[in-house]
Amino acid sequence: MSLITIIGRGHGGTRAISHTLIASNVFMGEPLNRSGDLLPPQAMYEACRVLARYVVWKGGLEWDFSALHTMPIPDEFTDLIHTYLQKVLSAKEEHKGWKIPETTLVFPWIVRLFPEIKYIYWVRNPRDNILARHLTDNLADFGVPQPDAEQLLRERYPDLVARAETPEQMEELIWRMRRAISWQYQYAIVTATPKPANWIVVRFEDFVNRQEETLARLEAYLGIPLARIIVRPEAVGRYSQAEGVSYFDFLEAGMREFGYEIPE
């Protein structure tokens with residue numbers, strides 16, 4: 001019996017791998033939403049808030065996650081995770097798993113609770129990732145300490161603020177900054193966490209543009225044949241057609257690690 005989970009920020013294309021696993025007879029829990037997320041999510045959301053109490057914000061875009069790797073995991077957290085995963089953990093299917101983007105926010109403790117399962121780290125170019133809203137855009141909703149998006153914009157990017165000619169443009173700029181902070185935070189918490197024994201990194205862009213090659217990697221990793229789902233090439237590089245800002249320079253380290261082009 002194998003257990004699989006997907007790590008990756010919302011709007012990172014994680015529904016593609018969830019739908020692939022479902023089509024491949026992997027039980028991903030029930031009920032599911034259109035994105036392939038296991039519902040209801042409230043226990044997972046609350047688990048995120050429990051973990052966030054022990055994240056130390058160092059100011060700016062720096063956090064200290066070190067306590068998460070050694071401290072006792074609170075029983076409250078463990079109980080919430082087992083409540084959320086009850087149908088998955090009790091299922092008799094040979095291959096099973098779950099997907100919900102908020103798993104990324106609790107990744108350090110998920111790894112400690114489930115060290116032997118198979119993790120798929122699903123990444124997407126943040127320039128595409130920050131174009132649309134997701135529940136994790138404002139990390140404060142999950143108790144995560146973070147900089148104020150508008151203040152950070154005005155301090156670090158006054159030229160971008162000056163270009164916002166209408167209140168609507170300014171509002172969208174602030175939201176894109178919030179999403180970029182969220183992307184950076186989730187990249188940072190994954191980077192800071194010791195990796196489990198079973199770990200694979202997959203770019204959404206490779207799944208779309210090189211589906212056969214990418215699925216072959218995943219099949220070798222998971223040890224099961226995978227179904228082929230319809231992919232849409234236009235989902236890659238949407239930022240090139242989008243209005244407004246899609247890049248902030250603090251995203252550079254993560255983008256370079258995953259092989260994304262840095263704009264001039």
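The expected span of a helix is taken as 1.5 Å times one less than its number of residues, where helices (H or I, at least four residues) and strands (E, at least two) are DSSP runs numbered from the N terminus. The model is predicted, so that local features need pLDDT of at least 70 and side-chain atom pairs count only at pLDDT 80 or more, while totals for chains, interfaces and linings use all residues. Residues are numbered from 1 along each chain as its sequence is written, and side-chain values use heavy atoms, with hydrogens and water left out.

Helix α11 (residues 211–222) has twelve residues, and at 1.5 Å a residue these should span 16 Å; the end C-alpha atoms are 16 Å apart, in agreement. Its buried residues (under 20% relative accessible area; exposed is over 50%, partly exposed in between; 1.4 Å probe, protein chains only) are Gln211, Thr214, Leu215, Leu218, Tyr221 and Leu222. Viewed down the axis of α11, these residues fall within an arc of 120 degrees and therefore line one face of the helix, the arc being that of the directions from the helix axis to the C-beta atoms. They pack against β1 (2–7), α1, β5 (118–123), β6 and α10 (204–209). Gly223, which follows α11, has a positive phi near 75 degrees.

Thr20 lies in helix α1 (residues 14–23) and is buried, at a relative accessible area of 0%. Beyond its neighbours within four places in sequence, Thr20 is in contact (heavy atoms within 4.5 Å) with Phe207, Leu215, Leu226, Ala227 and Ile229.

Arg203 belongs to strand β6 (residues 199–203) and is also buried, with a relative accessible area of 19%. With neighbours within four places in sequence set aside, the contacts of Arg203 are Val123, Arg210, Phe258, Gly259 and Tyr260.
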